[in-house]
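Please keep the sequence and the model at hand while reading.

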Amino acid sequence: DALPIFFDIDIDGIQMAYAPGCSAPSIEEGFTDTQMLKAAYIAGKNEKVKLFNLMEVNPRYDIDNKTVQLSVELILKFLKGIGDRK
């Protein structure tokens, strides 16, 4: 049996344009929202993934709820991947 995979998304790793609500936003470096949404879906689809962790969302620093909304979309993409497992 293969060991389980734990999949973490740290919001700090996403570009500030897409996720300003975190403690250490990445201004130009980091992932785009599209890249992370795809990664969340792929992780959800992988049967070896047993844990999903989303961290570093800070609503105090959020602008127009962009980070909170992206966080919800990431969770939904992960769950969609689980639903699409064979």
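A residue is called buried when its relative accessible area is under 20%, exposed when that area is over 50%, and partly exposed in between. The model discussed here is a predicted one, and the values below are computed from it.

**The loop between E2 and H2**

With that cut-off in hand, Asn65 counts as exposed because its relative accessibility is 53%. Asn65 is found in the loop between E2 and H2, and its phi is near 60°, a positive value in a residue other than glycine. Asp64 lies in the loop between strand E2 (49-55) and helix H2 (66-83), and there phi is near 55°, again a positive value in a residue that is not glycine. Asp64 counts as exposed, because its relative accessibility is 72%.

Asp62, which is placed in the loop between E2 and H2, does have polar partners: its side chain and that of Thr67 are joined by a polar contact of 2.9 Å, and a polar atom of the Asp62 side chain lies 3.0 Å from the backbone nitrogen of Val68. When neighbours within four places in sequence are left aside, Asp62 is in contact with Thr67 and Val68 and also with Pro20 and Gly21.

In soluble globular proteins, nonpolar side chains tend to be buried together. In this model the largest nonpolar core has 14 residues, and those with the most contacts inside it are Ile9, Ile11, Ile14, Leu70 and Leu74. Strand E1 (5-10), helix H1 (33-45) and H2 each supply at least two residues of this core, with the largest share, four residues, coming from H1. Leu70, one of the residues with the most contacts inside the core, is in contact with Ile14, Tyr18, Ala19, Asp33 and Leu37 once its neighbours within four places in sequence are set aside.

**Aromatic pairs**

A pair of aromatic rings is described by the distance of the centres and the angle of the planes. A search of the whole structure finds two such pairs, and they are set out in the table.

| Pair | Centre to centre | Angle between planes | Arrangement |
|---|---|---|---|
| Phe7 and Phe52 | 6.0 Å | 20° | stacked |
| Phe52 and Phe78 | 4.5 Å | 15° | stacked |

Each pair links distant parts of the chain: Phe7 in strand E1 and Phe52 in strand E2 are 45 residues apart, while Phe52 in strand E2 and Phe78 in helix H2 are 26 residues apart. Phe7 counts as buried because its relative accessibility is 18%, and Phe78 counts as buried because its relative accessibility is 8%.

**Lys80 in helix H2**

Lys80 is placed in helix H2 and is partly exposed, with a relative accessible area of 46%. Lys80 and Lys45 are 35 residues apart in sequence, and their C-alpha atoms are 7.8 Å apart in space.

Definitions and conventions: Residues numbered from 1 in each chain as written. Predicted model: local features only at pLDDT ≥ 70, side-chain atom pairs only at ≥ 80, totals over all residues. Heavy atoms only, no water. Buried < 20%, exposed > 50% of the residue type's maximum accessible area, 1.4 Å probe, protein only. Polar contact = N/O pair within 3.5 Å; in protein donor to acceptor, adjacent residues only side chain to side chain. Contact = heavy atoms within 4.5 Å. Core = buried A, V, L, I, M, F, W, Y, C linked by side-chain atoms within 4.5 Å. Phe/Tyr/Trp six-rings, centres within 6.5 Å; stacked < 30°, edge-to-face > 60°.
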